[in-house]
Amino acid sequence: MCCSQAVERTRCLFAFTPSDQIRHTLFSYPTTYGERKYSVPTAHTSCSSPIYFSDYGMVLKEIQDFCRNSSTFSSPLRYLSMEGESFAGNFGTQMRRSYFNHNNDDLEIPCGFLKEFPVTNSDRVAMENCRGVVVASAIFGDHDKIRQPRGLAAKTLGTVCFFMFIDNSTLSTLYSHHILLENDKIGAWRIVLVTGNLPYENHAMNGVIPKYLIHRLFPNAKFSIWLDAKLQLTADPLLLIHALVISKNADMAISKHPHNIHTMEEAIATARWKKWGDVASLRMQMEVYCENGLKPWSLSKLPYTTDVPDTALIMRRHGVATNLFSCLMFNELEAFNPRDQLAFAYVRDLMTPKIKINMFDVEVFEHIAVEYRHNLKRDAQSPPKEKNRTLTLETVSGSKCEDYLLHMWGESHD
């Protein structure tokens with residue numbers, strides 16, 4: 001890290017450093033594995049909204065007390081249990097939409113697991129025994145490297161469960177680098193092999209199972225942090241949960257997107273840069289959302305200053321609103337695609353009870369995690385970049401999103 005970056009880090013994170021912070025390496029990788037390759041440089045040279053970490057000892061005690069008081073996290077949500085044609089039932093729009101207003105605690109919510117998520121009984125027991133804070137990640141299709149968290153206090157490893165979900169192709173790479181899975185552990189991470197028939201052919205969809213249904217995989221956890229495998233955590237998870245969730249009295253904490261504010265901007269970028277190849281389905285998704293109440297960001301949505309998050313890092317306090325949000329999100333992802341930023345504002349704004357999300361600035365995100373590029377494949381081809389094309393009103397005339405776009409462009413006279 002250069003000196004200027006070090007100065008900006010202190011400006012963005014005002015942190016108490018635990019005296020027993022772990023200084024040794026949690027796991028020694030062979031040099032062939034390259035876990036430190038291809039980091040993405042940070043884009044911001046200043047921090048407009050720093051966060052303050054409290055004394056670690058106080059944070060540890062407070063979170064442990066929270067976790068012992070199970071009534072604080074009681075969730076009356078009941079989940080649909082049946083055999084399904086797909087992992088989450090792939091229900092139609094109106095059926096999914098009917099669960100947005102949760103006013104009946106006896107109603108069973110569709111929330112995945114209508115087909116098997118194939119993990120061993122020993123892993124399932126270990127997940128159920130995680131009763132405090134869980135940090136979870138996943139690598140399917142050998143898409144990323146397993147990287148060890150940094151900045152942990154020694155007592156954190158006894159309080160926080162670290163789980164990494166992988167498939168057989170990822171496991172093969174670990175074996176090829178002679179990274180042996182002794183006792184199913186690689187450093188801080190307990191490795192959970194998801195084998196057999198995976199729920200989806202698409203690796204990204206399999207990855208969003210632990211990402212959004214983490215409360216179902218870890219039914220006794222009180223707090224969770226989801227970490228995309230392209231990220232390496234660089235701050236203690238207990239300090240993060242306390243500073244960004246508990247201290248803000250929030251249900252969830254998630255970073256703002258560095259560029260886009262409106263959902264439609266993200267949809268256009270997704271199509272333009274071929275982040276999802278089926279452009280027709282993207283348009284249909286936006287048409288469905290516009291027809292069912294999605295609005296562009298406006299001042300009426302304050303305190304939210306954006307409709308688009310960066311979902312690589314999600315911190316949650318498990319409870320009714322958070323769990324419902326996660327179930328509703330997953331149902332939308334199965335219905336359309338795993339690009340979760342597109343469904344975010346639709347679910348956030350239209351669900352009841354309302355969820356309180358701390359959407360923190362991207363500068364903070366850059367100081368609590370290091371981002372790396374995905375594994376480079378020899379046969380991988382970068383999608384060609386299309387020329388920047390400006391949408392015209394003629395292209396949206398008659399669309400269910402016409403009013404949305406007119407508001408977004410500031411051309412509506414309503």
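Helices (H or I, at least four residues) and strands (E, at least two) are DSSP runs here, numbered from the N terminus. Colour by secondary structure and you'll find 15 helices and 14 strands in the chain.

A word on what you're looking at: this is a predicted model, where local features need pLDDT of at least 70 and side-chain atom pairs count only at pLDDT 80 or more, while totals for chains, interfaces and linings use all residues. Residues are numbered from 1 along each chain as its sequence is written, and side-chain values use heavy atoms, with hydrogens and water left out.

**Whole chain.** Of its 414 residues, 53% count as buried (under 20% relative accessible area, with exposed over 50% and partly exposed in between; 1.4 Å probe, protein chains only). Take contacts (heavy atoms within 4.5 Å) between residues at least 6 apart in sequence: 86% of them join residues at least 24 apart.

**Stop one: the largest core.** A nonpolar core is a set of buried Ala, Val, Leu, Ile, Met, Phe, Trp, Tyr and Cys residues joined through side-chain atoms within 4.5 Å. Select Phe-165, Phe-218, Met-264, Phe-325 and Phe-330, which touch the most other members of the 67-residue largest core. Helix α11 (residues 320-335) is the top contributor to this core, giving eight residues. Now centre on Phe-325: leaving out residues up to four places away in sequence, it touches Tyr-212, Met-252, Phe-344, Val-347, Arg-348, Met-351 and Ile-355. Apart from this core lies another, of 55 residues, including Val-59, Ala-235, Leu-238 and Val-364.

**Stop two: α2 and α8.** Show helix α2 (residues 56-68) with helix α8 (residues 237-246): they pack at about 70°, axes 9 Å apart. Axes are lines fitted to C-alpha atoms, for helices over the stretch in contact, and angles run from 0 to 180 degrees between N-to-C directions. The two helices are therefore roughly perpendicular (65 to 115 degrees; under 35 is roughly parallel, over 145 roughly antiparallel, the rest oblique).

**Stop three: α9 and α12.** Finish with helix α9 (residues 263-272) and helix α12 (residues 341-350), packed at an angle of about 160° with axes 8 Å apart. That makes α9 roughly antiparallel to α12.
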